[in-house]
Amino acid sequence: MKSLLGGVWLLGTLNIATAFPWFTRNGTQHVLPSQEPVIPGSPDRCDGLGFDAITQDERGVANYFKGEWVWMGHSGPARHISGAWAQVPTPFDAAFRLHHVGSDRHDRVFIFKGEWVWQFHGAVSEGKFLIRDLFPGVPDAPDGAVECPKGDCAEDSVFFFKGDTMYTLDLSTNTMKARQWPAVRDCTALTRWLDRYYCFQGTLFVRFDPVTGAVAPVYPKDARDYFMVCPGRGHASGNASIDRRVFDRCSDVPYDAFDHDALGRMYAFRGDWYFRVDAQRDGWHPWPLSSSWPGLHGPINAVFSWDNKMYFIKGQQLFIYKAVARYNLIHGYPRPLSDELGITGSVDAAFICPGSSLLHLITGNQMQAVNLEQSPRTPLAETRIPHPQLDGAMCDGDGVWLVTGGRFYRYPSPAAITAPGSSPATGSVSERFMGCGH
């Protein structure tokens, strides 16, 4: 697969979070209109004030609260807290948006103050409750709260922090577990953004693992370099060697692959980076491959998911990761493709359809299949496809998607790809998958 990355590798894993933290779900930015006036006497978050609480609303917009003020998105002036939220006394203690599909509280925003919690659905208040009645076991006046959906945690859960103690509410059993994470404490606000979990300590923050509580030694960092647009801040802003097109999901830089795992998480891969596609409501952000798949660096040739695992083909090597809350490289990998799939030579794209064990591998205009349930695995005869070169492929409930450049070709089944006279649906990759052009 081809990739036009230029000097992007110079950015490095630690710098990417500063590059474009404010992209939204529809390609615009969480930036208030430039003509919106600054209210006299309003605070400036770039002064290092920190936040009382942070939550995303039902539209995916991040709201940062401080006293009687709120910043909506990553840029723009402070506004007075208004509407239904204004009924909650300020300053807020904590706030979060609940993720619990199937529950009548799914996508509700909860704001905490003292022993009370207010529940909101969009701009509508749905009541004021004692915390102990709505969230049994949660202490009054929590310092912070954040949702942890299934896939990140074992079950849909909510984290509540109070001092040095973290309380985890398992929403499937409505049970509470208290524990202490030495590296995560004294949080003044919590937030989850694009599968990452952050504890704010004033204007500083740490990113923590929601399963282990581990924090990398590079933290804490200053939120003004990452979560807001402040003049002269953001240490990637002046690096002219970066080909910034790779971070713009709507640019003409081709994608190497698309895939979705057993937990329903969908990804778009480009060079050494990836975008989370299914979480687009909460914004877009390119992340280094190694931040989710340890030891993996791009560009990759192909990716596919089977048997609760993700398989990455890179050159002549196969990487296999167990698809759990956090991807784990299976011991002994990577291994040669010839040993694992019985093939030699390069691979441009690969796909496997839901419920099938038949892996389809594409090189140039030739496609062959390997039954992953057979041992040893032996490739079947090659067949010619009507595409001279592909960048990626994927199969889901809507059919087989073949990607070349910025276009996709969708076939109803693998057999339809080689069927005489087959006419696939076609369209723009960036519009169909990446929310561009709307």
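Which side chain is joined to that of Thr203 by a polar contact? In this predicted model, the partner is Asp222, and the polar contact spans 3.4 Å.

- You can find Thr203 in the loop between strand 14 (196-201) and strand 15 (204-208).
- Thr203 has a relative accessibility of 17%, so it counts as buried, the limit being under 20%.
- Leaving aside residues up to four places away in sequence, Thr203 touches Gly48, Gly50, Lys221, Asp222, Ala223 and Arg224.

**Disulfides: the overall picture**

- A disulfide is a covalent bond between the sulfur atoms of two cysteines.
- This structure holds five disulfides.
- Counting the bonded cysteines along the chain, the pairing pattern is 1-6, 2-3, 4-5, 7-10, 8-9.

- Cys46 and Cys230 are bonded, with their sulfur atoms 2.0 Å apart. The torsion about their S-S bond is about -95°, so this disulfide is left-handed. Cys46 sits in the loop between helix 1 (16-19) and strand 1, while Cys230 sits in the loop between strand 16 (221-222) and strand 17 (257-260), so the bond ties together parts that are 184 residues apart in sequence. Cys46 is buried, at 19% relative accessible area, and Cys230 is buried too, at 5%.
- Cys187 and Cys199 form another disulfide, and here the sulfur atoms are 2.1 Å apart. With a torsion of about -110°, this disulfide is left-handed. Cys187 belongs to the loop between strand 12 (175-179) and strand 13, and Cys199 to strand 14, so the linked parts are twelve residues apart in sequence. Cys187 is buried at 3% relative accessible area, and Cys199 is buried at 0%.
- Cys353 and Cys395 are also paired, their sulfur atoms being 2.1 Å apart. Here the torsion is about 100°, so the disulfide is right-handed. Cys353 is in the loop between strand 26 (349-352) and strand 27 (358-363), and Cys395 is in strand 30 (residues 392-396); the pair links distant parts of the chain, 42 residues apart. Cys353 counts as buried at 15% relative accessibility, as does Cys395 at 5%.

**Cavities**

- The model has three cavities of 30 Å³ or more.
- The largest cavity has a volume of about 60 Å³.
- Its lining includes Ile54, Phe96, Glu147 and Arg192.
- Strand 1 (53-56), strand 5 (94-97), strand 9 (144-148) and strand 13 (189-193) each give two or more residues to the lining of the largest cavity.
- By type, the lining residues of the largest cavity divide into six nonpolar, three polar and three charged.

How values were computed:
Residues are numbered from 1 along each chain as its sequence is written. This is a predicted model: local features need pLDDT of at least 70, side-chain atom pairs count only at pLDDT 80 or more; totals for chains, interfaces and linings use all residues. Side-chain values use heavy atoms; hydrogens and water are left out. On a 1 Å grid over the protein atoms alone, a cavity is a set of points where a 1.4 Å probe fits but cannot get out, and a pocket is an open set with protein on both sides within 12 Å along at least five of seven lines; lining residues have an atom within 4 Å of a point. Grid points are joined across faces, edges and corners, and a volume is the space filled by probe spheres set on the points. Helices (H or I, at least four residues) and strands (E, at least two) are DSSP runs, numbered from the N terminus. Ala, Val, Leu, Ile, Met, Phe, Trp, Tyr, Cys and Pro count as nonpolar, Asp, Glu, Lys and Arg as charged, and the others, Gly among them, as polar. Buried means under 20% relative accessible area, exposed over 50%, partly exposed in between (1.4 Å probe, protein chains only). A polar contact is a pair of N or O atoms within 3.5 Å; within protein, one must be able to donate a hydrogen and the other to accept it, and residues adjacent in sequence count only if both atoms are side-chain atoms. Contact means heavy atoms within 4.5 Å. A disulfide is a pair of cysteine sulfur atoms within 2.5 Å.
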